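View the model first, then read the points below.

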Amino acid sequence: MSSRPEFLAPPEIFYDDSEARKYTSSSRIVEIQARLSERALELLALPEDDVPRFLLDIGCGSGLSGETISENGHQWIGLDISASMLNVAVEREVEGDLLLGDMGQGLGIRPGVIDGAISISAVQWLCNADKSSHEPRLRLKAFFGSLYRCLSRGARAVFQVYPESIAQRELILRHALQAGFGGGLVVDYPHSTKKRKEFLVLTCGSVPTSINDGHKESGSDDDDDDSEDEENGMVCVSDRNRPRKKQRTNKKGKGREWVLRKKEQSRRKGNDVPADSKYTARKRKSRF
């Protein structure tokens, strides 16, 4: 039987009082959470101007990743579905504000107020139908749609995920792109079974997506980037952006001026030529 918690029970049930305290008291888990949170903040690529940002921690649990955000000088708000986890966070007197809620029902946050979002080991829970009313596709759509709205334009969201399969990974990424995000998947230590970690790095708005910003040195060549990724065990698996509408181009270069010139030549020959209008030379759509 698999030991992955999302296969055992819904998160609000699995992380009861006992499990929440056991999770938070494990020095190994605390260390892993801190390391993953640092990496997520690195991939957020926040401006280095010493200005605190307002970040969202999705699936914040007992506030372990929130502590990393606070240590980096930023303000944060945390959302989690487990009341027991949030109670432990309150007892630990974390600096962030806490919300009890189900991310699969959307985020009740005002539009454009969040400067960045991180999530550690939480988003894959949305792929499970824990209740008869749960439809993973609808829950992912509600989550990514509301996240896109609450982020400021140009902000990033970084999710560390443990997808069960390639199909599940594609399901998550597809709904993120459909919500309007650009971005892709970053895999750290792809050839290691134990160290391998996947991060979904998303950008809100029409801003060019650069997955490896956190590890690039300015002025470095492509060869240097490849070697640096090798040394750090980090590699970009996919870099996908939301498709844009194709620009209408006339392959033969026959624009409006060319058509008007040809019509005038035809008139001089005495031919019956339709009058010019704003629709002259406009390309017709293949369908209505």
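Buried means under 20% relative accessible area. Cys 127 has 12% relative accessibility, so this residue counts as buried. The model is predicted.

**Cysteines**
- The disulfide count is zero.
- Cys 150 takes part in no disulfide; its nearest cysteine sulfur belongs to Cys 204, 8.3 Å away.
- Cys 150 is buried, because its relative accessibility is 0%.

**Aromatic pairs**
- The whole structure holds five aromatic pairs.
- Phe 143 and Phe 159 make a tilted pair, with centres 5.8 Å apart and 55° between the planes.
- This pair links distant parts of the chain: Phe 143 sits in helix H6 (residues 136-150) and Phe 159 in strand E5 (residues 151-161), 16 residues apart.
- Phe 143 is at 0% relative accessibility, so it counts as buried.
- Phe 144 and Phe 159 are edge-to-face, because their planes meet at 70°, with ring centres 6.1 Å apart.
- Phe 144 is in helix H6 and Phe 159 in strand E5, so their pair ties together parts 15 residues apart in sequence.
- Phe 144 and Phe 159 are both buried.
- Ring pairs join Phe 143, Phe 144, Tyr 148, Phe 159 and Phe 181 into a cluster.

**Charges over rings**
- Arg 153 lies over the face of Tyr 148, 4.8 Å from the ring centre.
- Lys 195 lies over the face of Tyr 189, 5.4 Å from the ring centre.

- One cavity of 30 Å³ or more turns up in the whole structure.
- The largest cavity holds about 50 Å³ of space.
- Its lining consists of Val 161, Arg 169, Ile 172, Leu 173, Leu 185 and Leu 200.
- Helix H7 (residues 166-178) gives the most to this lining, with three residues.
- By class, the lining has five nonpolar, no polar and one charged residues.

Note on methods:
Residues are numbered from 1 along each chain as its sequence is written. This is a predicted model: local features need pLDDT of at least 70, side-chain atom pairs count only at pLDDT 80 or more; totals for chains, interfaces and linings use all residues. Side-chain values use heavy atoms; hydrogens and water are left out. On a 1 Å grid over the protein atoms alone, a cavity is a set of points where a 1.4 Å probe fits but cannot get out, and a pocket is an open set with protein on both sides within 12 Å along at least five of seven lines; lining residues have an atom within 4 Å of a point. Grid points are joined across faces, edges and corners, and a volume is the space filled by probe spheres set on the points. Helices (H or I, at least four residues) and strands (E, at least two) are DSSP runs, numbered from the N terminus. Ala, Val, Leu, Ile, Met, Phe, Trp, Tyr, Cys and Pro count as nonpolar, Asp, Glu, Lys and Arg as charged, and the others, Gly among them, as polar. A disulfide is a pair of cysteine sulfur atoms within 2.5 Å. Buried means under 20% relative accessible area, exposed over 50%, partly exposed in between (1.4 Å probe, protein chains only). Rings of Phe, Tyr and Trp (its six-membered ring) pair if their centres lie within 6.5 Å; planes under 30 degrees apart count as stacked, over 60 as edge-to-face and the rest as tilted. A charge sits over a ring if NZ of Lys or CZ of Arg is within 6 Å of the ring centre and within 35 degrees of the ring normal.
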